[in-house]
Amino acid sequence: MRHPQQTQIVWDSKPKEKGKPINWVELKTTAELSHPNAVQAFHRKLMKYWIQSFLVDVPRIVVGFRTRDGILASVDEIETQRIPEIVNSKPDPAWNADMCVNFAAEFLDCESFSRENNPSPFPLFGFTNQRARVENRRE
């Protein structure tokens, strides 16, 4: 299974030592957080930002906040590992990192099971009752 990731830039420089991690940074843009509903929507976006960067070990994300006219209003640098803490610091968080990781593990188990037991190249994956499931799709 492949997970394509679009990491835009290296934060400083690529290490000269072979095998040393590269200090990648992910660039994102979103609308300004001008009202409480925008903050809740941003926290849901943070889940996507977090999982994309967490899976490929990108240590930080730079988020540009734009006006309705598309003008950059502010920039925030967020450490990937702190995103769950940021979301959980508010009452009634939109998501939970443990549930995301558990779902990913179950998803990968389902994907592996599907590949072993189903020759179809088109399995459908879903989420029901907080559990991953796989359905076989006919061509």
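This is a predicted model: local features need pLDDT of at least 70, side-chain atom pairs count only at pLDDT 80 or more; totals for chains, interfaces and linings use all residues.
Biologist: How many strands are in the open sheet, and in what order?

Modeller: The open sheet has four strands in the order E1-E2-E3-E4, and the pairing within it is mixed.

Biologist: Which strands stand at the edges?

Modeller: Those are strand E1 (9-10) and strand E4 (72-79), and because each has a single partner strand, one side of each is left without a neighbour in the sheet.

Biologist: And E3 with E4, parallel or antiparallel?

Modeller: They run antiparallel, and seven bridges join E3 to E4. Strand E3 itself covers residues 60-66, with Arg60 found in it, and Arg60 stands opposite Glu79 in E4.

Biologist: Is Arg60 buried or exposed?

Modeller: Arg60 counts as buried, because its relative accessibility is 17% and the cut-off for buried is under 20%.

Biologist: What does the side chain of Arg60 make a polar contact with?

Modeller: Its partner is the side chain of Glu77, at 3.1 Å.

Biologist: Switching to the surface, which residues make the nonpolar patch?

Modeller: Phe54, Leu55, Val56 and Val101 make that nonpolar surface patch, which has an area of about 320 Å².

Biologist: Where is the place of Leu55?

Modeller: Leu55 lies in helix H1, which spans residues 36-55.

Notes. Residues are numbered from 1 along each chain as its sequence is written. Side-chain values use heavy atoms; hydrogens and water are left out. Patches are made of residues with over 30% relative accessible area and no salt bridge: like charges are joined within 9 Å, nonpolar side chains (Val, Leu, Ile, Met, Phe, Trp, Tyr) within 5 Å. Accessible areas come from the Shrake-Rupley method with a 1.4 Å probe; for residues, only the protein chains shown count as cover. A salt bridge is a side-chain nitrogen of Lys or Arg within 4 Å of a carboxyl oxygen of Asp or Glu. Helices (H or I, at least four residues) and strands (E, at least two) are DSSP runs, numbered from the N terminus. Buried means under 20% relative accessible area, exposed over 50%, partly exposed in between (1.4 Å probe, protein chains only). A polar contact is a pair of N or O atoms within 3.5 Å; within protein, one must be able to donate a hydrogen and the other to accept it, and residues adjacent in sequence count only if both atoms are side-chain atoms. Two strands pair if DSSP finds at least two bridges between them.
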